[in-house]
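Please read this briefing alongside the sequence and the coordinates.

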Amino acid sequence: MNRFAKLIFVLIISLLIASPEVFAGKLVIKGSTTVLPIAQKTAEAYMAQNPDVKISLSGGGSGNGIKAIIDGTTNIGNASRFIKTKEVNAANAKGVYPVPFRIALDAIVPVVNVKNKVSNLSMAQLKDIYLGKIKDWKELGGTPGKIVVISRDSSSGTFGVWKHLVMNKERVIPGALTVPSNGGVVQVVEKTPGAIGYVGLGYLTKELKAVKVEGVYGSRENTLNGSYPISRGLFMFTNGWPAGDTMGYISFILSKKGQKLVEQAGSIPLF
Amino acid sequence: MKRQHIDKGVHSGFFLIALFSITALFLIMVFLFIESIPVFDHITIKEFIFGKYWYPTDDPADFGILALITGSVCVTLLSGMIAIPLGIMTAVYLAEIAPPKVAQIVKPVVELMASMPSVVIGFFAIVVVAPFIQKVFNIPVGLNMFNASLMLAFMAIPTICSISEDAVFCVPSALKEASFALGATHFETIIKVIIPAALSGICTAVILGLSRAIGETMVVLMAAGGAAMIPGSIFDPVRPLPATIAAEMAEAAFGSEHYHALFAIGLVLFGFTFIFNLVADYISYKFRQTGEASL
């Protein structure tokens with residue numbers, strides 16, 4: 001009996017050791033463009049450590065990442081938002097059980113043109129601007145002029161977080177300009193004196209002016225200590241608890257080394 | 001005997017190739033229908049077409065595309081107003097007035113404009129045109145209907161110009177000579193004889209140009225501003241149909257109402273371009289100039 005147990009133990013151990021061999025080969029990662037820089041940096045480092053693993057990366061957006069997990073066309077689906085109930089139901093109907101891993105944090109920062117004098121806005125003011133109740137900068141103590149509201153497409157992950165945290169689920173005015181990417185917001189705000197928009201922390205440049213929210217700067221420290229109100233988690237989803245290289249890769253991101261790469265990619269590491 | 005066999009083989013070979021491309025197109029159409037129908041379980045066609053609010057990710061969501069249709073139609077009309085006169089006049093100039101040496105240079109250049117990637121034009125619209133019209137017209141933002149229309153006109157001109165040029169060029173010279181013989185000036189001949197004679201070709205050119213403008217995606221996505229509202233002036237941002245599909249399809253949850261609604265928008269867009277092409281076909285058939293007697 002004892003020998004039998006030992007045998008099984010050895011068998012399991014050898015299986016565990018062998019399993020990376022079994023799964024070695026291709027690892028497919030798809031999804032959010034916000035997570036893409038992180039995935040890129042970490043995938044390169046992981047492949048350098050494990051030369052027999054080939055990782056193929058592509059963007060496409062959070063919705064596509066989760067869709068790829070549901071369809072079984074990827075090992076890891078990236079998303080800049082949590083999975084929606086509808087998507088969980090669609091996955092379960094196909095026998096897929098998505099498992100989320102929070103791999104990094106990101107803060108969303110309201111930005112205005114560098115010429116703008118307004119440097120601090122409350123959450124209520126931000127909400128009223130995006131509801132169309134505040135229309136002129138003079139109502140906020142700035143130089144008189146129409147506020148050009150810039151938002152992201154209603155299905156982007158960044159918009160989802162903005163809507164959840166700032167809008168409190170109320171609707172952004174239809175007259176808001178929508179721009180398809182973080183980079184697009186940067187472009188428009190840079191060139192439009194009356195504009196206000198919002199971007200991920202990694203996209204802040206010198207050509208933009210970041211606005212304090214409730215007197216707090218959107219920065220790494222303030223996100224980690226919880227004082228900055230508009231922040232979100234970045235996720236990787238797998239089908240069921242991961243194994244083999246998928247597990248290896250995700251543990252790598254969550255390691256100290258991986259989180260250092262997260263920081264290099266412009267996002268906020270978890271620790 | 002053997003040659004007949006080869007001939008038959010060639011026939012069926014070409015038939016298969018033609019069949020393949022038509023089937024592929026047909027299947028895409030079927031797919032478009034199948035994917036868009038489920039959205040009408042949730043809303044009626046009337047609510048979809050005439051609904052004013054497009055909030056696809058809200059709960060409860062609104063799938064009204066009136067603002068999007070208006071956006072598409074306005075942008076296309078405005079671009080037509082810019083592109084049609086320019087395109088036709090360029091065509092007349094090239095076919096009738098320009099010295100052959102100039103035409104030899106200008107014509108390929110105009111046709112080269114058609115091969116400009118639309119993403120480049122969109123980028124140009126954001127970086128150069130937007131700040132420019134912002135300053136010139138003193139408006140708060142340069143990404144709007146006017147900017148997008150200008151860029152679309154720029155893209156439609158080559159189509160309109162090269163097809164109308166062919167039409168003008170093909171007007172029988174006997175007509176022209178008859179007009180000159182009656183003492184008409186060159187200008188009178190162009191206005192009263194050549195343009196009417198080439199009208200069917202010119203109409204086809206205009207409609208094909210506009211159908212290119214309404215289906216164009218990248219430029220309107222980048223330059224139109226993307227606000228899903230019914231525009232009040234030409235300097236308001238709009239969100240045409242193709243831009244909506246392009247911007248939202250990537251992130252729409254697979255199989256959701258939103259996903260199906262985007263396919264339904266595709267269907268509407270397909271309807272627009274289909275009608276445009278049908279009309280172009282009809283006009284070129286109905287008003288075809290056969291011989292010199294029918295003018």
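Helices (H or I, at least four residues) and strands (E, at least two) are DSSP runs, numbered from the N terminus. This is a predicted model, in which local features need pLDDT of at least 70 and side-chain atom pairs count only at pLDDT 80 or more, while totals for chains, interfaces and linings use all residues. Residues are numbered from 1 along each chain as its sequence is written, chains are lettered from A and ligands numbered from 1 in the order in which they are written, and side-chain values use heavy atoms, with hydrogens and water left out.

**Chain A as a whole**

- Chain A has 10 helices and 11 strands, and its C-alpha trace spans about 85 × 35 × 30 Å along the principal axes.
- Of the 271 residues in chain A, 49% are buried, where buried means under 20% relative accessible area, exposed over 50%, and partly exposed in between (1.4 Å probe, protein chains only).
- Among the contacts in chain A with a separation of 6 or more, 74% join residues 24 or more positions apart, a contact being heavy atoms within 4.5 Å.
- Chain A exposes about 12,400 Å², and carbon and sulfur atoms supply 58% of that area; accessible areas come from the Shrake-Rupley method with a 1.4 Å probe, and for residues only the protein chains shown count as cover.

**The largest pocket**

- The largest pocket has a volume of about 1,000 Å³; on a 1 Å grid over the protein atoms alone, a pocket is an open set of points with protein on both sides within 12 Å along at least five of seven lines, whereas a cavity is a set where a 1.4 Å probe fits but cannot get out.
- Grid points are joined across faces, edges and corners, and the volume is the space filled by probe spheres set on the points.
- The lining of the largest pocket consists of 35 residues, with A:Arg81, A:Lys84, A:Gly160, A:Lys169 and B:Thr57 nearest its centre; lining residues have an atom within 4 Å of a point.
- At least two lining residues come from each of helix H4 (85-93), helix H6 (157-167) and strand S11 (231-239) of chain A, and from helix H12 (257-286) of chain B, with H6(A) giving the largest share, seven residues.

- B:Val120 lies in helix H5 (residues 118-136) of chain B and is partly exposed, because its relative accessibility is 39%.
- B:Met116, B:Val119, B:Val120 and B:Phe154 form a nonpolar surface patch with about 290 Å² of accessible area together.
- B:Gln134 is also placed in helix H5 of chain B, and it counts as buried because its relative accessible area is 11%.
- Leaving aside residues up to four places away in sequence, B:Gln134 touches residues of both chains, namely A:Lys191, A:Thr192, A:Pro193, B:Ile139, B:Pro140, B:Val141 and B:Gly142.
- B:Ser115, in the loop between helix H4 (100-114) and H5 of chain B, is exposed at 52% relative accessibility; its C-alpha is 9.1 Å from that of B:Pro158, 43 residues apart in sequence.

- A:Glu214, although not a glycine, has a positive phi of about 55°; it sits in the loop between strand S10 (212-213) and helix H8 (220-224) of chain A and is partly exposed at 46%.
- B:Asn138, likewise not a glycine, has a positive phi of about 50°; it belongs to the loop between H5 and helix H6 (145-169) of chain B and is exposed, with a relative accessible area of 69%.

Notes
Patch = residues over 30% accessible without salt bridge, like charges linked within 9 Å, V, L, I, M, F, W, Y side chains within 5 Å. Salt bridge = Lys/Arg side-chain N within 4 Å of Asp/Glu carboxyl O.
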